[in-house]
Amino acid sequence: MSSPHNPKQNHMLAALSAEVYARLLPDLQLIEMPLGSAVYESGGHLDHVYFPATSVVSLLYITESRASAEIAITGNEGLVGISLFMGGETTPSRAVVQNAGSGYRLEASVFKKEFATGGELQHLALFYTQALITQMAQTAVCNRHHTLDKQLCRWLLLSLDRLEGNELEMTQELIANMLGVRREGVTAAAGHLQKDGLIKYVRGRIKVLDRPGLEQRVCECYAVVKKEYDRLLPYELLPSQESVTARSHRTPRRR
């Protein structure tokens with residue numbers, strides 16, 4: 001029986017070869033990631049990168065008036081802290097745990113040393129960054145042009161893709177902060193989805209009852225983001241012993 005905590009619950013870590021994984025394993029620190037806790041603050045210096053395992057992290061932008069809006073989410077498909085290898089080491093966004101769970105953190109110096117070798121970790125991190133940029137761009141389009149009901153469907157589906165079950169622990173206030181809208185708007189949108197039998201919302205827990213129904217209701221933004229992630233990060237289709245460098249020159253298999 002597998003351990004309830006395993007770094008390979010994170011797909012990026014699981015995609016590494018045995019050699020690279022063994023090199024990083026002693027420095028991977030298991031951490032609990034409680035709901036609403038900050039992984040890093042806007043403008044703060046990043047000392048670690050984080051690999052969510054059973055948690056989901058929201059990247060938020062906070063305005064001067066303290067209003068917030070989500071620009072992307074990260075879960076077991078990737079990492080949190082791309083500015084460490086993109087040349088910044090600080091970021092204007094804030095990272096907050098939107099679904100409680102566990103994750104692994106790696107000291108910045110260890111990550112950068114491995115990244116600098118130009119090997120598997122670098123390739124995976126850059127593929128992931130390209131996918132994340134797509135999600136950020138599509139989120140901006142969605143927030144500008146689509147109804148709150150459709151935005152909530154997109155948000156729920158993206159979150160479920162990064163979790164094993166069909167339940168999220170999430171208050172309406174936190175959802176409102178993520179989507180950058182008033183709580184009353186989230187209450188109404190969630191009420192529409194619940195009335196139509198797509199979700200059940202009780203005491204800070206959202207259970208998705210009809211995922212195909214959500215997929216029919218959502219705007220095209222979800223499919224655009226998912227297609228790009230599937231194209232760039234087909235982790236589960238890749239044998240661990242094959243080098244990531246070699247994989248990068250192959251056409252990904254269709255699902």
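Hi everyone. Let me begin with a term: a residue is called buried when its relative accessible area is under 20%. Keep that in mind as we look at this structure, which is a predicted model.

Let's start with Asn 76. You'll find Asn 76 in the loop between β5, residues 68-74, and α3, residues 83-86. Its relative accessibility is 7%, so Asn 76 counts as buried. And what is Asn 76 in contact with, leaving aside its neighbours within four places in sequence? The partners include Gln 9, Asn 10, His 11 and Met 12, then Pro 52, Ala 53 and Ser 55, and also Asp 161 and Arg 162.

Next, a sheet. Three strands form an open sheet in the order β8-β10-β9, and the pairing is antiparallel. At the edges sit β8 (167-169) and β9 (199-202), each pairing on one side only. On average, neighbouring strands here are turned by 15 degrees against each other, direction ignored. Between β8 and β10 (residues 205-208) there are three bridges, and Glu 169 has Arg 205 in β10 as its bridge partner. Helix α6, residues 148-160, lies across β8, β9 and β10, and runs at about 100 degrees to β8.

Finally, a pair of helices. The axes of α5 (residues 120-145) and α10 (residues 220-232) come within 9 Å and cross at roughly 175 degrees. Angles over 145 degrees count as roughly antiparallel, and α5 and α10 are therefore roughly antiparallel to each other. Among the residues making the contact are Phe 127, Tyr 128 and Leu 132 of α5, with Val 224, Val 225 and Tyr 229 of α10. The contact residues divide into 10 nonpolar, four polar and two charged.

Technical notes: Residues are numbered from 1 along each chain as its sequence is written. This is a predicted model: local features need pLDDT of at least 70, side-chain atom pairs count only at pLDDT 80 or more; totals for chains, interfaces and linings use all residues. Side-chain values use heavy atoms; hydrogens and water are left out. Helices (H or I, at least four residues) and strands (E, at least two) are DSSP runs, numbered from the N terminus. Buried means under 20% relative accessible area, exposed over 50%, partly exposed in between (1.4 Å probe, protein chains only). Contact means heavy atoms within 4.5 Å. Two strands pair if DSSP finds at least two bridges between them. Axes are lines fitted to C-alpha atoms, for helices over the stretch in contact, and angles run from 0 to 180 degrees between N-to-C directions. Angles under 35 degrees count as roughly parallel, over 145 as roughly antiparallel, 65 to 115 as roughly perpendicular and the rest as oblique. Ala, Val, Leu, Ile, Met, Phe, Trp, Tyr, Cys and Pro count as nonpolar, Asp, Glu, Lys and Arg as charged, and the others, Gly among them, as polar.
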